[in-house]
Amino acid sequence: MSEQWLNVNDLEFTSSDSTSLGSFDEMKFPTNTNSQSGSESGLDNSETNVDEQTKNSLITSNSRNSSLNYDGGSIQIQENVNKKKENFDKYGFLLEGNLKAIKEKQFSQGLIHKEVERTMKWQNIITNWDKHMKKKQKLYHFFGEGIPDRFRGLIWIKLSGSIKQIEEHANTKTYQQLFEIKNKNAEIDIAKDLDRTFPKHQEYMKNKEQLRLFRLLLAWSNYDTGTQYCQGMNFVAATLLLFLEEEQAFWTFVVLMTDYHMSGIYQDGFPLLQVYKFQFEQLMKKYLPKLFKHFTNVGIGTDLYYSKWLLSMLYSSFSFNTVIRFFDCFLLEGTPYYFQFPLTLLKWKQKAFLSMGLEELMENLINFPDKSLDLSKIIKTCQKFKITTKMLAQWSDEFRRQNYKRSTNTIN
Amino acid sequence: MENFKICFMGDQSVGKTSIINRFIYDDFNINSQSTVGVDFLSKTIFVENESVRLHLWDTAGQERFRCLIPSYVRNSSLVVIVFDITNKTSFKSIEFWMDTVQNERGDDVIVFLVGNKTDLEDERQVSLEKLEKEANKNGFLYLETSAKTGHNVKQLFRKIGISILKQNKKRKELIKPELDENTSLMNISLNIDPNKLKQKEESGCC
């Protein structure tokens with residue numbers, strides 16, 4: 001077994017040279033973050049430090065995948081690694097469909113010019129961060145146009161406030177200590193999902209990237225032993241890892257789960273998810289009554305699509321590009337964005353959806369047709385759906401009252 | 001054409017999604033993405049000269065998601081409980097899945113038990129005798145498949161189609177006698193003797 005493990009780590013590891021994701025020398029961020037291998041994240045020895053048993057338990061619990069990967073599947077890994085670089089998009093995901101057309105679109109002169117312009121704007125925003133944060137509305141407008149990839153990681157840690165935690169823990173071994181604690185149940189659950197997170201991403205096709213994801217999720221499970229690991233978290237963590245160093249990603253993950261209340265979505269019984277679902281239903285009734293009625297008539301409740309969207313931070317049903325654009329704005333706007341963004345997307349597709357039956361609707365809600373959508377436009381119109389704290393609080397109380405009634409009825 | 005809801009359940013990474021993908025696309029990915037919440041796919045199959053539209057609901061396997069399963073089992077015509085023949089724990093969970101189904105539906109639903117990953121026969125942890133015993137005890141229909149090689153997958157869905165049609169016919173026959181009485185005013189005569197039907201029904205159960 002351990003031999004197999006070593007073989008995987010010995011696989012040649014070429015770093016993606018997509019736009020230098022998250023790196024920002026001026027701010028004393030690690031350089032060349034895009035390769036993000038352990039040796040550059042200040043955790044160079046951590047791989048060998050993971051105690052042998054933890055590593056073994058990962059291998060054992062993942063034995064199905066190991067044997068598939070290493071015996072019958074070794075060809076598969078090799079194949080994936082050898083796929084030409086140009087077959088992946090700028091975020092590292094395998095391109096499907098007409099590659100040439102997609103590539104031409106991605107690197108057209110117009111877009112490159114726009115990117116340069118945006119970069120300069122964002123450079124200014126970063127330099128005068130506090131000033132811009134005071135004019136949130138104006139800042140939101142820039143978010144509509146999109147954050148250049150090279151700044152995304154930095155903006156995320158600034159917006160979420162995880163930068164404080166990162167700095168606080170810069171010279172400590174807290175993160176490492178966290179992922180070194182034994183946690184058999186979490187390890188087994190996490191290991192089962194490693195191969196199944198971003199299966200079409202060039203870095204995740206290789207096991208080294210998966211080890212970073214494993215450590216982050218294990219550290220979280222030990223950080224909040226009440227919430228632990230829940231499926232869906234793997235997509236959130238993997239997204240962070242694409243733009244941040246491992247330790248930065250971990251502290252940002254912690255902030256998301258705590259300050260942004262995401263852990264409530266994943267806890268046993270999904271307490272906050274239930275509330276959000278109820279609130280979203282009320283908002284549908286209020287803002288998209290026709291569509292809500294249609295969904296109800298064909299038998300589609302929010303549990304069939306909205307839960308899925310929230311649990312995977314949209315990843316399970318949307319393209320990666322949509323996911324990160326949502327995520328940018330979510331960090332700025334907080335909870336209301338859980339409602340505004342999905343409402344806007346549904347409104348955008350309302351006409352088409354109204355003519356669909358159960359089958360077609362479910363297919364569209366699970367694989368949302370977002371490729372042709374103008375995300376900048378969508379983001380800019382999101383705020384048209386007015387959502388106040390008062391509204392949300394009122395519905396949350398109503399939900400609790402109803403639930404209380406239901407539970408007492410069952411007892412009686 | 002009538003639609004039938006089929007709900008797939010079973011532990012994490014036993015191959016629920018892969019079995020469905022093999023059936024719908026005749027394709028297999030070693031690493032399919034983990035299912036969060038529930039997925040949905042549909043396909044028409046032809047069995048015994050009839051076409052049947054299957055709505056396949058694929059659920060998440062992690063223990064935490066189990067509390068959501070009852071709502072998916074509701075209105076299902078058939079439930080497929082999947083386990084991994086190379087993973088004893090996933091086999092032990094069958095009891096839990098069965099309880100969930102029975103709590104929600106009693107015996108009013110067909111249950112298929114599927115042992116997946118026969119391509120990993122060398123790593124088998126669940127003996128065939130044990131399986132037979134479990135299947136007989138609960139009156140399940142049992143089948144072993146490999147989503148990776150495609151072994152028995154078509155067969156599984158054919159059997160699903162046949163069982164559903166059979167059950168559907170039974171249901172209709174049970175409703176017809178009542179209909180017959182109520183609709184006699186409309187001069188519709190179906191020439192069915194309700195007593196005979198009932199007998200047939202009873203013998204059909206054995």
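1. Gln279(A) is found in helix H18 of chain A, which covers residues 271–287. The model is a predicted one. Gln279(A) counts as buried because its relative accessibility is 5%, and buried means under 20%. Leaving aside residues up to four places away in sequence, Gln279(A) touches Phe339(A), Leu392(A), Trp395(A) and Ser396(A).

2. Leu217(A) belongs to helix H14 (residues 207–223) of chain A. With a relative accessibility of 1%, Leu217(A) counts as buried. If residues up to four places away in sequence are not counted, Leu217(A) touches Ile190(A), Tyr229(A), Met233(A), Asn234(A), Ala237(A) and Phe253(A). Leu217(A) and Arg152(A) are 65 residues apart in sequence, and their C-alpha atoms are 22 Å apart in space.

3. Two packed helices are described by the angle between their axes and the distance between the axes. In chain A, helix H15 (residues 233–243) packs with helix H16 (residues 246–258) at an angle of about 135°, and their axes are 9 Å apart. This angle makes H15(A) oblique to H16(A). The crossing in which H15(A) passes H16(A) is right-handed.

4. Which residues of H15(A) meet H16(A)? On the side of H15(A) they are Met233(A), Val236(A), Ala237(A), Leu240(A) and Leu241(A). On the side of H16(A) they are Glu246(A), Ala249(A), Thr252(A), Phe253(A), Leu256(A) and Met257(A). The residues of this contact divide into nine nonpolar, one polar and one charged. Among the residues in this contact are Met233(A), Ala237(A) and Phe253(A), which Leu217(A) also touches.

5. A pair of aromatic rings is described by the distance of the centres and the angle of the planes. A search of the whole structure finds 47 aromatic pairs over all chains. One of them is formed by Tyr223(A) and Phe250(A), which are edge-to-face, at 6.2 Å centre to centre and with 80° between the planes. Tyr223(A) lies in helix H14 of chain A and Phe250(A) in helix H16 of chain A, so the pair ties together parts that are 27 residues apart in sequence. Tyr223(A) is partly exposed, with a relative accessible area of 37%, whereas Phe250(A) counts as buried at 0% relative accessibility.

6. Phe353(A) and Phe368(A) form another aromatic pair: their ring centres are 5.8 Å apart and their planes stand at 80°, so the pair is edge-to-face. The pair links distant parts of the chain, 15 residues apart. Phe353(A) is in helix H23 (residues 350–354) of chain A, and Phe368(A) is in the loop between helix H24 (358–366) and helix H25 (375–382) of chain A. Phe353(A) is buried, with a relative accessible area of 0%, and Phe368(A) is buried, with a relative accessible area of 4%.

7. Most residues other than glycine have a negative phi. In chain B, Glu48(B) has a positive phi of about 45° although it is not a glycine. Glu48(B) is found in the loop between strand S2 (38–47) and strand S3 (50–59) of chain B. Is Glu48(B) buried or partly exposed? Glu48(B) is partly exposed, because its relative accessible area is 49%.

8. Lys117(B) also has a positive phi, of about 75°, although it is not a glycine. Lys117(B) lies in the loop between strand S5 (110–116) and helix H5 (128–138) of chain B. Lys117(B) counts as buried, at 9% relative accessibility.

Methods:
Residues are numbered from 1 along each chain as its sequence is written. Chains are lettered from A and ligands numbered from 1 in the order in which they are written. This is a predicted model: local features need pLDDT of at least 70, side-chain atom pairs count only at pLDDT 80 or more; totals for chains, interfaces and linings use all residues. Side-chain values use heavy atoms; hydrogens and water are left out. Axes are lines fitted to C-alpha atoms, for helices over the stretch in contact, and angles run from 0 to 180 degrees between N-to-C directions. Helices (H or I, at least four residues) and strands (E, at least two) are DSSP runs, numbered from the N terminus. Angles under 35 degrees count as roughly parallel, over 145 as roughly antiparallel, 65 to 115 as roughly perpendicular and the rest as oblique. A crossing is left-handed if the near helix is turned anticlockwise from the far one by less than a right angle, and right-handed if clockwise. Contact means heavy atoms within 4.5 Å. Ala, Val, Leu, Ile, Met, Phe, Trp, Tyr, Cys and Pro count as nonpolar, Asp, Glu, Lys and Arg as charged, and the others, Gly among them, as polar. Buried means under 20% relative accessible area, exposed over 50%, partly exposed in between (1.4 Å probe, protein chains only). Rings of Phe, Tyr and Trp (its six-membered ring) pair if their centres lie within 6.5 Å; planes under 30 degrees apart count as stacked, over 60 as edge-to-face and the rest as tilted.
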